[in-house]
Amino acid sequence: MSYRHQYVIGDLQGCYAAYLQLLKTLDFDPEQDKLWFAGDLVARGEDSLNTLRHVKDLCEQGAAATVLGNHDINLLAVWRGATKIKKKDKTAPIFAADDCDELLEWLRHQPLLVYPDKHTVLVHAGIPPHWSIEDAEKYAHQLESQLRSHLKQLDRLLPNLYSKTADKWHADIHGFTKMRAIANYFTRMRLCQQDGLLEFSFTSGLDERMPEDFLPWFEWQVPRTRKVLFGHWAALKGEIDLPYARALDGGCVWGNHLLAYRLSDGKTITSSAQCLPISS
């Protein structure tokens with residue numbers, strides 16, 4: 001289908017008012033335009049429930065698509081009893097809603113990787129340097145099939161997706177260890193070593209001191225056939241724009257703005273409304 005405009009939008013985090021204002025700024029028309037969301041639809045903004053409902057409706061109309069982020073997977077884990085709601089998350093209204101099961105059944109069927117156009121690939125956190133885009137697509141499908149499986153399998157999977165330490169990727173990695181590593185690359189990654197070993201504690205901007213031998217995943221320059229569009233790293237404020245990577249989490253939930261990246265020309269449009277800053 002030919003669209004008037006296509007936009008890739010960074011982490012919504014439940015910032016519903018800013019999201020609606022951004023759609024007005026874009027003059028978004030679901031009959032002519034398409035939105036691509038970088039994941040983390042929910043969590044710390046003022047209205048995760050209506051944000052999730054709105055995105056689901058647009059996706060079902062064919063006017064939008066989304067990838068899963070770490071907060072989206074965490075929402076599924078809370079739903080299935082694998083973990084509890086985090087103190088800073090404002091997602092309780094989702095679980096009290098009459099359409100909770102419908103929303104989360106839809107959410108667990110969303111992908112980890114999509115291709116907005118022939119020049120780009122969209123994931124939530126990034127693609128590690130030891131994976132090609134073709135590798136990433138293959139591994140995304142492996143975890144997606146687990147997330148979309150019958151509920152008994154989902155209930156076995158979700159508690160195994162969490163660890164405070166990173167798993168080392170190797171040729172024989174398998175089972176839940178492999179699924180956790182895949183989830184970590186797609187939804188939690190910021191810093192890594194060249195072989196893909198992750199570091200979870202660093203969440204700051206690039207001007208802060210980083211652990212030795214670790215770099216932002218996108219600074220390990222490897223040949224890419226597509227530009228990697230990603231969210232997740234709010235401290236970057238969407239300011240990283242490289243030939244092979246583009247950051248799109250503007251940190252709206254931290255008092256900044258939502259970002260929309262227009263695929264046709266790379267122009268970035270920001271929301272005029274903001275979420276209220278979160279106290280640390």
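Trainee: What makes R188 count as lying over the face of F200?

Mentor: In this predicted model, R188 lies at 3.8 Å from the ring centre of F200. The distance limit for such a contact is 6 Å from the ring centre, and R188 is placed over the face of F200.

Trainee: Which ring does the charged end of R80 sit over?

Mentor: The ring is that of W79, with the charged end of R80 5.3 Å from its centre. That value also falls within the 6 Å limit.

Trainee: How many aromatic pairs does the rule for ring centres give?

Mentor: The count comes to 13 aromatic pairs. In one of them, Y16 and Y19 have ring centres 6.4 Å apart and planes at 45°.

Trainee: Why is the pair formed by W217 and F218 called edge-to-face?

Mentor: The planes of W217 and F218 stand at 85°, and an angle over 60 degrees counts as edge-to-face. Their centres are 5.4 Å apart, within the 6.5 Å required of a pair.

Trainee: How do you know whether W217 is buried or exposed?

Mentor: W217 has a relative accessible area of 4%. Buried means under 20%, so W217 is buried. F218, at 2%, is buried on that criterion as well.

Trainee: What separates Y16 and Y19 along helix α1?

Mentor: Y16 and Y19 are three residues apart in α1, which spans residues 16-26, so about one helical turn lies between them. Both Y16 and Y19 are buried.

Trainee: Why is α8 described as largely enclosed by the rest of the structure?

Mentor: Ten of the 13 residues of α8 are buried, so the helix is largely enclosed. Among the buried residues are Y185 and F186, which also belong to one aromatic cluster with W131, Y139 and W169.

Trainee: How does the span of α8 compare with the span expected?

Mentor: From its first C-alpha to its last, α8 reaches 18 Å, close to the 18 Å expected at 1.5 Å a residue.

Trainee: Which elements give two or more residues to the lining of the largest pocket, and which residues lie nearest its centre?

Mentor: The elements are α3 (70-79) and α8 (175-187), and α3 supplies the largest share, four residues. Nearest the centre are N70, H71, K86, R190 and H232, out of 31 lining residues. The volume of this pocket is about 790 Å³.

Trainee: What is the make-up of that lining by class?

Mentor: The lining of the largest pocket has ten nonpolar, eleven polar and ten charged residues.

Key
Residues numbered from 1 in each chain as written. Predicted model: local features only at pLDDT ≥ 70, side-chain atom pairs only at ≥ 80, totals over all residues. Heavy atoms only, no water. Phe/Tyr/Trp six-rings, centres within 6.5 Å; stacked < 30°, edge-to-face > 60°. Buried < 20%, exposed > 50% of the residue type's maximum accessible area, 1.4 Å probe, protein only. Lys NZ or Arg CZ within 6 Å of the ring centre and 35° of its normal. 1 Å grid on protein atoms, 1.4 Å probe; cavity = no way out; pocket = protein on both sides within 12 Å on 5 of 7 lines; lining within 4 Å. Points joined across faces, edges and corners; volume = space filled by probe spheres on them. Nonpolar A, V, L, I, M, F, W, Y, C, P; charged D, E, K, R; others polar. Expected span 1.5 Å × (residues − 1).
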